[in-house]
Amino acid sequence: SSGINAEWPLRPGGLVGDEDTCTAFLLGGIGELNNAREPNFLVVKKDTTIGEIETHLKKLLTRKDIGIVLINQHIANDVRHIIEQHTAAIPALLEIPSKEHPYDPAKDSILKRAKGMFNIDDLR
């Protein structure tokens with residue numbers, strides 16, 4: 001037995017990131033196309049519009065075959081309004097650093113929401 005519950009479907013992740021981040025994750029095998037030939041990633045370049053980022057992120061957050069969406073934090077800052085509206089547990093939405101932009105926990109709205117769920121006394 002592999003220890004994996006076969007009744008629980010394993011879902012691929014989605015990614016919205018800069019070129020370096022996407023290259024690393026794609027080399028790691030995260031990239032796929034669904035049955036409709038839609039990729040589970042968006043490479044954000046200098047000429048990518050905020051509208052394109054918003055559209056792709058909204059699609060990833062509504063796809064039933066996606067379990068987690070990773071987004072570079074500096075890109076998340078441009079679409080913060082969409083991230084703050086996302087309240088579903090699946091797909092989970094995580095902000096990650098990039099090579100050029102370090103992670104800033106003060107800007108992570110998902111982390112802020114998680115901190116609000118716990119009392120410090122619960123963690124002792």
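# Salt bridges, core and sheet in a predicted chain

Student: Where should I put D65: buried, partly exposed or exposed?

Tutor: D65 counts as partly exposed, because its relative accessibility is 28%, which falls between the 20% limit for buried and the 50% limit for exposed. Please keep in mind throughout that this is a predicted model.

Student: Which side chain does D65 meet in a salt bridge?

Tutor: The partner of D65 is R63, and the N to O distance in that salt bridge is 2.8 Å.

Student: How many salt bridges does the structure hold?

Tutor: The structure holds three of them.

Student: What about D20, which residue does it form a salt bridge with?

Tutor: D20 forms a salt bridge with K99, where the closest N and O atoms are 3.2 Å apart. This pair also links distant parts of the chain, with D20 in helix α1 (residues 19-27) and K99 in the loop between β4 (92-96) and α5 (109-115), a separation of 79 residues.

Student: Changing topic, where is K46, and how exposed is K46?

Tutor: K46 lies in the loop between β2 (41-44) and α2 (50-62), and it is exposed, because its relative accessible area is 89%. If you compare its position with E19, the two residues are 27 apart in sequence, and their C-alpha atoms are 9.9 Å apart in space.

Student: Let's go inside. How many residues has the largest nonpolar core, and which have the most contacts inside it?

Tutor: The largest nonpolar core has 16 residues, and V16, L57 and I71 are those with the most contacts inside it. Several elements contribute, with β2, α2, β3 (68-72), α3 (73-76) and α4 each supplying at least two residues, and α2 gives the most to this core, namely four residues.

Student: Take L57 then. What is L57 in contact with, leaving aside its neighbours within four places in sequence?

Tutor: With those neighbours set aside, L57 is in contact with V16, V69, I71, V79, I82, I83 and L93. Two of these partners, V16 and I71, were named above, along with L57, for having the most contacts inside the core.

Student: What about strand β1, how many of its residues are buried?

Tutor: Strand β1 (residues 13-18) is mostly covered, as six of its six residues are buried.

Student: Which strand does β1 pair with, and in what sense?

Tutor: β1 pairs with β3 in the parallel sense over four bridges, and L15 stands opposite L70 of β3. β1 is also joined to β2 by four bridges, and these two strands run parallel as well, with V43 in β2 as the bridge partner of G17.

Student: One more side chain: where is H86, and which backbone oxygen does its side chain reach?

Tutor: H86 is in the loop between α4 and β4, and it counts as buried, because its relative accessibility is 10%. Its side chain reaches the backbone oxygen of A88 at 3.3 Å, and a polar atom of the H86 side chain also lies 2.8 Å from the backbone oxygen of P91.

Student: To finish, what does the secondary structure of the chain come to?

Tutor: There are five helices and four strands, arranged along the sequence in the pattern β-α-β-α-β-α-α-β-α. Among contacts between residues at least 6 apart in sequence, 64% join residues at least 24 apart.

Note on methods: Residues numbered from 1 in each chain as written. Predicted model: local features only at pLDDT ≥ 70, side-chain atom pairs only at ≥ 80, totals over all residues. Heavy atoms only, no water. Salt bridge = Lys/Arg side-chain N within 4 Å of Asp/Glu carboxyl O. Buried < 20%, exposed > 50% of the residue type's maximum accessible area, 1.4 Å probe, protein only. Core = buried A, V, L, I, M, F, W, Y, C linked by side-chain atoms within 4.5 Å. Contact = heavy atoms within 4.5 Å. Polar contact = N/O pair within 3.5 Å; in protein donor to acceptor, adjacent residues only side chain to side chain. Pairing = 2+ DSSP bridges.
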